[in-house]
Amino acid sequence: MLHRYPKRVAVIMLVLLAIVAIFPLWGPALFGDQSDFILEKLTLMVILALFAMSLDLLVGIVGLVSLGHALFFGLGAYTLALASPDFDAASLWWMLPLVMLVAAVAALVVGLLVIRTKGIFFIMTTLAFGQMLFYLISTAPFAGGTDGVFIMFRPTLTAGETMLLDLDNPQTFFYFCLGMLVAGFLFLRWLTRSYFGQVLDGIHDNERRMQALGYATGGYKLVAFVIAGVLAAIAGMLAAMQYGFANPAQLGWHTSGEVLMMLILGGMGTIFGPILGAFAYEILLYVYEHLTVHWPILMGLTIIAAVLVLPRGIAGLIIAPPWARRKPKAVEEEEGVAAHLHPATIPHKEG
Amino acid sequence: MDLAFFGVQLLNGLQYGLLLFLIASGLTLIFGIMGIINLAHGAMYMIGAYLVWDLTLRLGNFWLAILIAIPIAVALGLVIERLFLDTLYKRDHLYQVLLTFGLILVINEAQRIIWGGDVHSVAIPAPFDASLQLTDNLQYSVYRLFVMGVCLALAGIIYWVIRHTRLGIIIRAGAVNRDMVEGLGINVRTLFTLIFSVGVALTAFAGMIAAPLTSITPGMGDSILITCFVVVVIGGIGSIKGAFWGAILIGMAETFGSVLIPSIASMVIYLIMAAVLLVKPRGLFA
Amino acid sequence: MKNLKKTALATVLGTVTLMSASAAMADNHPVKVGLMLPYSGTYTALGEAITNGLKLAIEQNGGQLGGREVEYVELDSEANPSKAPQNMSRLVKGDGVDFVIGPVHSGVAMGMLRVAKQSGAITIIPNAGLEAATNQLCMPNVFRTSFSMWQNSFPMGKVAHDRGHREVVTITWDYAGGKEDVAGFKEAFEAEGGEIVEEILVPFPSTEFQSYLTQIASIAPDAVYTFFAGGGGVSFVRDYAAAGLKESIPLMGSGFLTEGNIAAMDGAGEGVLTTMHYAETLDSEENRAFVSAYEAAFEVTPDTYSVQGYDTGAMLVQALDAVGGNTEDRDALIEALASVELESPRGLMSFSDSHHPIQNVYLREIRDGKHEVVGVAAEQLEVPDDACQM
């Protein structure tokens, strides 16, 4: 229940982080001319990892399956696009808080409505709200319509006159995004292990019991919804910064579906799993697209297979490897985790 | 707005609403009874339309094509249920969402491989290929009236089966308490397979009879899916009655919304949904 | 399906010959042409037609550009704007292509142009008609071989007025392409003295038109001008005919209303007037030769999309011949591309200062399931692009 995992999880994640972080050292040797492009792709994966992780707080931790999470991702992108001056760069010092504020307000409003619903209603209402904003942005005269908008200048990070980070430099931007991901991870790790996180766990397992114990579960869920929304908006802002482009498709339900796929591939409810999922999804996509123009079939089958065979994702494999599972007297700690990791076996029968 | 104009729009809203009901009925049945959320529902609508187009082309007769397409749709539902859904009943909705999302990708792409990316259409079949003169310059296809009749009849049949037959009693009981029904010696598994196939067939059938009124394109089910979700949420998930009135409400709202408040026409149905949820979080007829 | 296999086979064979060729002359590496077109999803047919056309043009030049072999890198754009920048970036930085050909979809074009601006990659747009591409966003390295929404619809304004229509209702989807198209018609029609009595916007991508047709019937204008495409175009034309409006209120539209879809309209399209920069029935030597070559190669009749692909290929052939196959000197290459003049199947075609085609726009009427050319609605029309300063 405490979201503590075997040591190998930390080891694996740190090793992977190190490998990714020193990409500029080994990338050019391995990929040659393509290394700039791979760095760009890695940056994107890091951003998507943050996005997927934010959704994990809702889906994996609280047990609220949102099919409209792209709403906040797109909102972050569009806040950046619309608030940026036309002929000048914005400052990240006020842009980041603004994005967070807009997302928090939006999540609060949407949350107040959707939190009252449960299970399948929650899925459908989040989906519908996502589509609502999608149409709003697509048709609003100020938002650039279906073709999307450009962000001509990347926001800057300065102290007085001196530039702290040159975000226009792809490498710096990569490290900046990686830093945001690590910060987001540490925050969620702290959150899930805190008292607040334990209440969320309790809600996931049995909301009625928590209510009976006197917890105002609605309030807890709403706060989690807002936090997830804000984190997703930051990811959306980073994505829009990377290419200087925002488009309504970022808000569509297919984007929400994709991020759910990253979640299942990586393993939900673990916070670190979705990071692996985002990388795995993007790599698979890249490979499939190279294999055939009918790649959606391969992707669809992969997802179906993951649901049927690997419901706990890559994270599940790391926490409780198949070879370790056969021994009934494996490390107790792992057993506990594995049990928690399978909350999905608890039937959620509502509606 | 004069009276004739109002009357015609009422007819348009009713016709659209009834068709929406037919598409949404399968969705709400499958959820209400089996607890399964099926995102691939829109894809089944598309499959229905393509099947009837293909078969009409081969056989030269629309009615014959429908007759053959229905068993194919039922079989498709059967295969999907047995292959994929069987293991999902006891699992969280999330897995159902993901699995059926995967199915959408597979079905949409399979459609492209089998039938290609071109736009197709089906001619309005005899004997309904006539028109009524509604106003001095506006005609109304008799086939639309026929579709309305079929939708109403099916709504009646579904209602009757659920309310007044032994099967209906089992279905309602199964929705309330699966274990108890099983304890009574009824094979719930078979029941579920049946329900899912019927649900898929209803949607595919909606695609079939709608085919002469629409254009058959790849991905045509994706946009209808979301509208169906709204219908089902407004009516109350699992409620056939709710799906019916929800569909009529949405049909009217889209029809009149597009004419009276065009600036927010695309959002009208979502606003209605938000309003309904504010008052009744579980839908109007839950 | 047959073509697809054929193209796949051709690509494989092409790659094999290419590999042996490149081994023979190691320093004369092939020209890399990146195709960023939809090969999955709704716009697949367009992506395939453009690809076919492009390859046909280069094939007719011995499969070479400026004396060098050609290597194609095909990337599925998915018609998904949010993935456009990363896909474009993959072609430019990952695959190192010399040219990017794409896209079909205007939203994708925006995303691509963002990267084209940063990277300076030479980009040729073989379809997307968004005005901004050669106007507000114009760049020396970006060309278009297709049309702009405005170019296709503007000529119809005068046609409508000349035919005696004074009050017109416009109807289109509530999205950028539709609105730009209708704006072009409106500009010309109002300049002639006509009046737009109602501008109807239908939520995109809805194809439920009954309530709008009722509205049109109650307004009873002299004519209706419309822009829909793909399934929406088919639905609208069929519903319009089924509502009995076609007899009393003539239907006019941008060529995309019916392009590639006449067969699906089932006779409902007869008599519909459209303006477009091409018609498969154009009576010229170039067009007849193109149509027969295309039919021989792919076993289907070409449409406007095929011609746009074909002209993109022909443009590359001419420009690379002019620079002797040298893709290193970018300025010279851009200069060569800008001065291309084609005797295209669509007629004479050259490029404006904003790199937009100067071309004829034809008035077409559907007769017996074909776009018959009724006349030239605008001769060698140049798009103003007055915001473009290179």
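Colleague: Into which domains is chain C divided?

Modeller: This is a predicted model, in which local features need pLDDT of at least 70, side-chain atom pairs count only at pLDDT 80 or more, and totals for chains, interfaces and linings use all residues. Residues are numbered from 1 along each chain as its sequence is written, while chains are lettered from A and ligands numbered from 1 in the order in which they are written.

Chain C comprises domain 1 (2–147 + 283–355) and domain 2 (150–276 + 362–381), with bounds from an automatic or database domain assignment. Their centres, taken over C-alpha atoms, are 30 Å apart. Across the boundary, 11 residues of domain 1 of chain C are in contact with 12 residues of domain 2 of chain C; contact requires C-beta atoms, placed from the backbone, within 7 Å. The domain 1 side of this boundary consists of five nonpolar, four polar and two charged residues. Here Ala, Val, Leu, Ile, Met, Phe, Trp, Tyr, Cys and Pro count as nonpolar, Asp, Glu, Lys and Arg as charged, and the others, Gly among them, as polar.

Chain C also touches chain A, with 25 residues of chain C in contact with 24 residues of chain A. On the chain C side, the elements giving two or more residues are helix H3 (84–94) and helix H4 (106–119) of chain C; helices are DSSP runs (H or I, at least four residues), numbered from the N terminus. By class, that side of chain C has 10 nonpolar, 10 polar and five charged residues.

Technical notes: Two residues are in contact if their C-beta atoms, placed from the backbone, lie within 7 Å.
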